[in-house]
Amino acid sequence: MSEPLVEVRNLKQYFPVKTGFGKTVYLKAVDDISFTVGKGETLGLVGESGCGKTTAGRSLLRLYEPTGGEVIFDGEPVTAKNITHMRKQMQMVFQDPYSSLDPRMTVEDIIGEPLDVHHLCANRKERRERILELMSYVGLNAEHARRYAHEFSGGQRQRIGIARALAVNPKFIVCDEPVSALDVSIQAQVINMFEELQEKLGVAYLFIAHDLLVVHHISQRIAVMYLGKIVEIADADELNSHPIHPYTESLLSAVPIPDPEITRARQRIILEGDVPSPLHRPSGCPFRTRCRYATEQCAAECPTLTDRGSGHQVACWNK
Amino acid sequence: MEQTNTPKKNPLSMQLDLSKFSDASFAPATEEEKRQQDVMSESTTFFKDGMRKLFKNPLATCSMVLLAIILVTIIVAPMIVPYRYEEILSVNGKRDKGAKNLAPFTYSEMEQQYIENGGKRFPHLFGTDEQCRDYFIRVIYGTRISLFIGFFASIIVLIIGMLYGSVSGYFGGRVDLIMMRIVDIIYSLPDMLMIILLSVVLNELLHFESGTIFARLGTNMISLFIVFGLLYWVGMARLIRGQILSIKENEYILAARSIGAKPGRIIRRHILPNCLSVIIISTALQIPSAIFTESFLSFVGIGVKAPMPSLGSLANSAREGLQSYPYKLIFPAIIICLIVLSLNLLGDGLRDAFDPKLKR
């Protein structure tokens, strides 16, 4: 792994939930997660719906005020004070290309907004040139600049969103399920574009997705989340070939393989029951209620991430 | 040589005659030809689209035309009609005492004599009132005042309501809670009582130099504006707060925050443009309600100061001779109806045209 660009240490994000008559319960959306993203690297973050992936990405960028923990960007902690400055280096691409673009703005204004906010362009001509340059990065034509977002298809809209994130020349982009709202052929285009941009501009990504194949394709390393905790981090190929955590195992066994022979031969690991409510988390290991290896120790104590050789970290007592 | 390669066509065959095509027919399209195939639809903005739908609505279009006619009339008429609204009619410098309560298009005895002697006299389109003043020009000025009050009051309401509502809605939480309780308190004050009290108090306090626009409007009118500013903005503030609460949840607001935009910029550039349609519509509907309030206040006698007419005060003074001179009530009443009706219909049309949820 190259030298770290973003270090997340013990990040916590709890949301207060009022349950009548002054009682407040905390919803632990992200509970004590730590990871690093290297310069120019892509870290994939996978997990099922509602496990806190998106919240992790948002509180990392301080779109929510984190409950605890810290984020260190390029050796400098990200705080509420220097956040405006930090936003020039950390950007975000959103999941839904339909609602993440203001319907009342032209493409030019959408992409130009970060330039205006940070006063990056001296005059109108410079601004216009920079916008056209950004549009050419993401494969949009100059004549698209005067149009409105609703005149574009989903894939094109996502390109606009990416161009907006690139406008400030960030070093790090959180991609919050950027392809899950697109259909498969467009997904491939957009993902290849992400890779090209990384090669050209050297940005690092935190790539959030629930599609393991997509994440494996784009990431160097993958982190697996379950109920607000990271249960396993490893190199993408290592995780794919030798998953250790039982949750990762079952996730991988659910990935469809376009070959009926293999599909027939392999064994699906089907999890029992549902994901527990994040309001009433099980004691100890969050996965123990659905884990076939669960023991008494799992209920008593929560396992921490331990290194199993060459940076493969797993949080499990039994494996 | 190309032609010889293609097989000779049987004259009875239904097949295409390939010899009639050259290779050029099958050449790939050039870049320019490809571009011609691109469907170029005109880029329509939200506003243009809304206006197009508005003009398709016959009721809204009619009321726009009607309002335009009224506006042109009240601007042009005072230039054409040789009488002033407070002028007591006179012929050749002599007061015309017979020109009292004339019916429309009639002349007093003095005027008839004057016309017989070769003089020219502008007809009294709506007749005259009990103080020998031309009624048409008084109705025109009354309309001016009523519309002026309507527009100004709704602009005051708009500005205060928009600022208050957007701050309350955007920041939410405790700020919202406190600001909305203040709104609730103001909402519960009886507005007529407040207007009457304020105009009494302000009558004592305010003294304007004669000749200024304030003096001509009179303290009652000023207090009406102040009351609008103090009381009537709450409805607008509530409406805009509600809009902002729902728009705030959109991802593009989060995107703007992730870019590093400050709250002021987000409200100005993203939130307000997106609830503009609601703002336009409720402002349009606010105008008739202000006109109505003014008419009512003038009718009960605490509106504009004499001799300045307003539609409400004209209707009020017409009550006295209602049996003999009904036209004096009919003219201002018709104009109030027309203005209020067409503004209401226009507001409805605007809502239908600009509300995306009502798309047909």
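I looked up which residues bring α4(B) and α6(B) together in this predicted model, and found that B:Ile70, B:Thr73, B:Ile74, B:Ala77 and B:Pro78 in α4(B) meet B:Ile137, B:Ile140, B:Thr143 and B:Arg144 in α6(B).

I then turned to the geometry of the pair: α4 (residues 58-80) and α6 (residues 135-171) of chain B pack at an angle of about 125°, and their axes are 10 Å apart. The two helices are therefore oblique to each other, and the crossing in which α4(B) passes α6(B) is left-handed.

Next I checked the contact between the chains, to which chain B gives 17 residues and chain A gives 21 residues. On the side of chain B that touches chain A, α10 (251-259) and α11 (263-274) each supply at least two residues, with α10(B) giving the largest share, eight residues. That side of chain B divides into eight nonpolar, seven polar and two charged residues.

Last, I looked at phi, bearing in mind that most residues other than glycine have a negative value. A:His119 has a positive phi, near 50°, and sits in the loop between α3 (107-117) and α4 (124-137) of chain A. I noted A:His119 as exposed, because 7 other C-beta atoms lie within 10 Å.

B:Cys132, also not a glycine, has a positive phi of about 60°, and I placed B:Cys132 in the loop between α5 (109-116) and α6 of chain B. With 19 other C-beta atoms within 10 Å, B:Cys132 is partly exposed.

Definitions and conventions: Residues are numbered from 1 along each chain as its sequence is written. Chains are lettered from A and ligands numbered from 1 in the order in which they are written. This is a predicted model: local features need pLDDT of at least 70, side-chain atom pairs count only at pLDDT 80 or more; totals for chains, interfaces and linings use all residues. Axes are lines fitted to C-alpha atoms, for helices over the stretch in contact, and angles run from 0 to 180 degrees between N-to-C directions. Helices (H or I, at least four residues) and strands (E, at least two) are DSSP runs, numbered from the N terminus. Angles under 35 degrees count as roughly parallel, over 145 as roughly antiparallel, 65 to 115 as roughly perpendicular and the rest as oblique. A crossing is left-handed if the near helix is turned anticlockwise from the far one by less than a right angle, and right-handed if clockwise. Two residues are in contact if their C-beta atoms, placed from the backbone, lie within 7 Å. Ala, Val, Leu, Ile, Met, Phe, Trp, Tyr, Cys and Pro count as nonpolar, Asp, Glu, Lys and Arg as charged, and the others, Gly among them, as polar. A residue is buried if 20 or more other C-beta atoms lie within 10 Å of its own, exposed if 12 or fewer, and partly exposed in between; C-beta atoms are placed from the backbone.
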